[in-house]
Structures are given as C-alpha cells and as structure tokens.
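Hi everyone, thanks for coming along this morning. Let me put the sequence and the structure up on the screen, and then we can walk through them together.

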Amino acid sequence: MAGTIRNVKGTKDILPDESRLWLETESIIHNFMSLHGYNLIRTPIFEKTELFKRSIGDDTDIVNKEMYTWQDRDGTSLTLCPESTASVVRSYIQNHLGSKSPIQRLYYIDPSFRRERPQMGRQRQFTQYGVEAIGSCNPEQDVEVILIALRIYQMLGINDLEVH
C-alpha cells in the first residue's frame with residue numbers, strides 16, 4: 001500500500017502474543033535476581049557521548065560506527081545507549097552506591113541501540129539483560145555471575161549449554 005509508514009529496518013514490533021513471552025521471561029529474571037540479592041537498576045536510554053567514548057574506547061567500532069549520536073540544543077553530544085554497563089557504573093559513582101553497601105549487586109533489562117547494518121537476528125533496537133556486581137575482589141563473585149546466567153538460561157528452557 002503506497003504511503004504506508006512502516007517500522008524502521010532493524011526494529012521490530014513486539015505484538016501481544018510475543019509480549020506475553022517477554023513478560024514471562026522478565027518475570028523469571030526479576031524473581032530469580034531478587035531471590036539472590038540483586039537489585040534492579042534503571043538508567044536513562046541516552047547519556048552524554050563521552051561516557052561511551054571513555055568506557056568502550058574511542059577507537060572501537062561501536063563508538064566510531066554504531067552509536068546513534070546527536071547534538072543537543074546546548075551543543076552537548078548525546079547518544080542512545082549501545083549497552084548498559086557504562087550507564088550502571090556512571091550511576092553507581094554519581095549516586096555514591098558504594099557508600100550504601102560495600103558490594104552492590106545490580107541487574108538491568110534495558111533497551112539498547114546500535115546503528116549497525118541489520119543482519120539475521122540482529123536489531124538496531126534490542127533489549128539487553130545484564131548483571132553488574134561491583135565492589136567485590138573475590139573471584140567467587142565472577143563465578144556467581146556466570147552461574148546466574150547459566151541458571152536463567154536453564155529456567156528459560158535453554159539446556160544444551162557448555163560453560164568453559
């Protein structure tokens with residue numbers, strides 16, 4: 001149909017049947033993380049561009065080719081978040097979360113954006129789940145994060161996995 005506006009290539013509508021699956025998946029994640037002492041953190045979907053240049057690296061493909069960046073009215077360079085770790089760490093520092101507890105166990109389920117050429121299975125807007133455990137120098141903390149990922153995959157019915 002001529003003149004019909006369609007979604008942007010590399011984006012996807014999540015229709016009601018699929019939305020139910022998203023809600024079930026997110027519910028499993030929220031319940032599991034809460035049960036294991038992790039707290040949900042939500043950060044803005046855009047940040048100052050310098051945050052990603054400093055954390056990801058000025059010379060990476062993400063920074064050079066894949067970020068949606070624009071100049072705000074005051075000239076500040078802003079970017080839609082290509083990932084959430086940098087935003088979580090920024091929030092941790094800005095909000096002095098380390099002074100509230102020596103170890104912060106955080107997780108997020110956030111939209112992310114990458115201006116890459118859409119390929120099979122890749123989207124320009126996608127939802128990313130992640131875990132950040134900040135403040136522990138014990139290798140057991142890394143093991144816990146890996147086991148959390150493994151257990152959530154299993155709870156979602158993805159069982160044919162190997163951990164190296």
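Here is a question to start with: which residue in β4 is the bridge partner of Phe46? It is Leu80, and I'll come back to that strand in a moment.

First, the ground rules. This is a predicted model, where local features need pLDDT of at least 70, side-chain atom pairs count only at pLDDT 80 or more, and totals for chains, interfaces and linings use all residues. Residues are numbered from 1 along each chain as its sequence is written, and side-chain values use heavy atoms, with hydrogens and water left out.

Now the overall picture. The protein has 6 helices and 6 strands; these are DSSP runs numbered from the N terminus, with helices being H or I of at least four residues and strands being E of at least two. Along the sequence they come in the pattern α-β-β-α-α-β-β-α-α-β-β-α. The C-alpha trace spans about 55 × 40 × 30 Å along its principal axes. Of the 164 residues, 28% count as buried, meaning under 20% relative accessible area with a 1.4 Å probe and protein chains only.

Back to β4, then. An open sheet of 3 strands has the order β2-β4-β3, with antiparallel pairing; strands pair if DSSP finds at least two bridges between them. Since β2 and β3 stand at the edges with a single partner strand each, one side of each is left without a neighbour in the sheet. On average, neighbouring strands here are turned by 30 degrees against each other, direction ignored. Strand β2, residues 46–48, is joined to β4 by 3 bridges. Strand β3, residues 69–71, also pairs with β4 over 3 bridges. Along that pairing, Thr69 has Thr79 as its bridge partner, and Trp70 stands opposite Leu78. The hairpin of β3 and β4 has 5 residues between the strands, and Gly75 takes a positive phi near 90 degrees there.

Glu83 sits in the loop between β4 (77–80) and α4 (85–94). Glu83 is buried yet has no salt bridge, and the nearest side chain of opposite charge, Arg114, is 6.4 Å away. For reference, a salt bridge needs a side-chain nitrogen of Lys or Arg within 4 Å of a carboxyl oxygen of Asp or Glu; Lys and Arg count as positive, Asp and Glu as negative, and His and the chain ends are not counted. So what does the side chain of Glu83 reach at 2.7 Å? That would be the backbone nitrogen of Thr85. The backbone nitrogen of Ala86 also lies 3.2 Å from a polar atom of the Glu83 side chain.

Finally, the other sheet. It is open too, with 3 strands in the order β1-β5-β6 and mixed pairing. β1 (39–40) and β6 (125–134) are at the edges with a single partner strand each, so one side of each has no neighbour in the sheet. Strand β5, residues 104–113, pairs with β6 in the antiparallel sense over 10 bridges, and Tyr108 stands opposite Gly130 in β6.

That's my tour, so please jump in with questions!

Definitions and conventions:
Buried means under 20% relative accessible area, exposed over 50%, partly exposed in between (1.4 Å probe, protein chains only). A polar contact is a pair of N or O atoms within 3.5 Å; within protein, one must be able to donate a hydrogen and the other to accept it, and residues adjacent in sequence count only if both atoms are side-chain atoms. Axes are lines fitted to C-alpha atoms, for helices over the stretch in contact, and angles run from 0 to 180 degrees between N-to-C directions.
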